[in-house]
Amino acid sequence: MSTPPRLRLNTIAGPLLGEFLLGMTVAMGGLWLASHESDVAAGAFGLVNQILETLNVAFRVLAIGLGVMVTQYLGGEQQAAARRAALLALGASTWVGSMIVVLVVAGNDQALEWLNAPQAVAALAAPYLQWFAPALLLDAYNLSMAAVLRAHLFAKDSLRIMVAMHATHLGLAFLIMRGWGEWDGMGLEGYAIAMLISRALGLLLHLWFWRVRMQLIPGARDWWTFSWKDLAPVLRVGVPGAGVEMTYRAAFMVSVAATARLGVTALATHSYTLQLLKYVLLTSMAIGWACEIMVGRLIGAGDLREANGLVRKAVRNGLLASGSLALLAALGAPWLMRAFTKDAAVLEAAQTLLWISLLLETGRVFNLILNGALRATGDAIFPAASSVASLVLVLGVGSFWLGRLFGLPGIWLAYAIDEWIRGLLLLARWVWRGWLPNARDSRRRLRADAP
């Protein structure tokens, strides 16, 4: 077996940043291709992306819990338990992924109706969403298998897979969406077809790296069966986190519906600005995921003091990175947004939103980093319980009413207020060490599971 790298934040965060950058670049490339068809196509692209991100929460239940449990098992030097946790995720992914596929095929028209999609946008979005269904099943496998690779500290291998997968997606999307020669291409549907092919490639590469790096070779039964007993600790960590994300996505979809009521121009502006801001949060996302992996291993090893110092350093670095990038995005808005549109109204509105995003992105740092850190200690319930009220009242209800009063800036202000409320609650939890009893309980469970 290959020897993993030393346990350092940058060792893990660097490749993760590369993965996120690739994923965002593909999404940005897809939006750019859609925007060159029309602002209506761009609005449809953005709307479908929000639906897909909501559905992907089900897959992250497994990926979140799996990542934490495998890191804790590895920190406690329980290799056999880590292998069991890795393999059981495949069968669970098959069942969850299949249910999501059925949901997409059967309910896409209803979802677009709930989101108040303008008629022109819905006409493009409905068939586009259908094409994504089979790719979602493959995404379930890829998310779980990538979590296992990272938990074993093979973050560079995970990055190699993502380079191949996303490069394939973007290259094929360009060809299939725009066509070549006398063929005019398939438009938005081409992006979904390219995604399906790239996700199939990703699955094959994950299987190869599992075999080479960890000697993990799934059997036929692993793809459709799993033990509820072994899955229970994964769900204990993953379900509360995914519950928060589901609540977040539901509240966020309210804000998307509020945006859609403002018209096609507002929906396009919302989509363009969100895509650009994803680049701003990349660094904090990478730091947060790396921090979660490391905290899980430190909890498994019983080194709580080092875990505390690591999280404080991660929050500081995240604030510096996100604050600086948000400022650069706001200053460069007049030029950056011209990559998508020349519409003066869209450009002016996006610039306003990016200045508000200085507040939004610095508040988001606490949630991106502290949520994962608390979860890695076993403290999964508090982050979930403390977030619900703000998500419902501020992000959901607040964005609806502020949107009616102030348009898109009001919706963006609701985003920022929500992030700060939830982030400060998590910061207080960590600083006042409310996570310590859960960390000790996690350590005791690991010792009890040891052979």
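**Pairs, contacts and a surface patch**

A: Phe45 and Tyr191 are both buried, where buried means under 20% relative accessible area, exposed means over 50%, and partly exposed lies in between (1.4 Å probe, protein chains only). The model is predicted, so local features need pLDDT of at least 70 and side-chain atom pairs count only at pLDDT 80 or more, while totals for chains, interfaces and linings use all residues. Residues are numbered from 1 along each chain as its sequence is written, and side-chain values use heavy atoms, with hydrogens and water left out.

The rings come first. There are 13 aromatic pairs in the structure. Rings of Phe, Tyr and Trp (its six-membered ring) pair if their centres lie within 6.5 Å; planes under 30 degrees apart count as stacked, over 60 as edge-to-face and the rest as tilted. Phe45 and Tyr191 make an edge-to-face pair, with 5.1 Å from centre to centre and 75° between the planes. Phe45 belongs to helix H2 (residues 39-55) and Tyr191 to helix H8 (residues 188-214), so this pair ties together parts that are 146 residues apart in sequence. Helices (H or I, at least four residues) and strands (E, at least two) are DSSP runs, numbered from the N terminus. Ring pairs also join Phe45 and Tyr191 with Tyr128 and Phe132 in a cluster.

The structure has 11 salt bridges, each being a side-chain nitrogen of Lys or Arg within 4 Å of a carboxyl oxygen of Asp or Glu. In one of them, the side chains of Arg199 and Asp139 meet at 3.0 Å, N to O. Arg199 is in helix H8 and Asp139 in helix H6, so the pair ties together parts 60 residues apart in sequence. Both Arg199 and Asp139 are buried.

With a relative accessible area of 3%, Asn142 is buried. Apart from neighbours within four places in sequence, Asn142 is in contact (heavy atoms within 4.5 Å) with Met165, Arg199, Gly202, Leu203 and His206.

Another buried residue is Glu19, which has 5% relative accessibility and sits in helix H1 (residues 9-35). Its contacts, leaving aside neighbours within four places in sequence, are Arg150, Ala155, Ser158, Leu159, Met162 and His166. Between Glu19 and Arg364 there are 345 residues in sequence and 20 Å in space, C-alpha to C-alpha.

Arg364 counts as buried at 12% relative accessibility. Beyond neighbours within four places in sequence, Arg364 is in contact with Tyr248, Leu281 and Glu419. The side chains of Glu419 and Arg364 form a salt bridge at 3.6 Å, N to O. Glu419 lies in helix H16 (residues 408-431) and Arg364 in helix H14 (residues 344-377), so this pair ties together parts 55 residues apart in sequence. Glu419 also meets the side chain of Arg422 in a salt bridge, at 3.3 Å, N to O. Arg422 and Glu419 are 3 residues apart in helix H16, which means that about one helical turn separates them. Arg422 and Glu419 are both buried. Salt bridges with shared partners join Glu361, Arg364, Asp418, Glu419 and Arg422 into one network.

A charge can also sit over a ring, which requires NZ of Lys or CZ of Arg within 6 Å of the ring centre and within 35 degrees of the ring normal. Arg429 lies over the face of Phe382, 4.3 Å from the ring centre.

Gln215, although not a glycine, has a positive phi of about 55°, and its place is in the loop between H8 and helix H9 (228-261). Arg433, likewise not a glycine, has a positive phi of about 60° and is in the loop between H16 and helix H17 (436-449). Gln215 is partly exposed at 36% relative accessibility, and Arg433 is partly exposed at 44%.

Last comes the surface. Trp32, Trp131, Phe174, Leu175, Trp180, Trp183 and Met186 make a nonpolar surface patch of about 700 Å². Patches are made of residues with over 30% relative accessible area and no salt bridge; like charges are joined within 9 Å, and nonpolar side chains (Val, Leu, Ile, Met, Phe, Trp, Tyr) within 5 Å. Accessible areas come from the Shrake-Rupley method with a 1.4 Å probe, and for residues only the protein chains shown count as cover.
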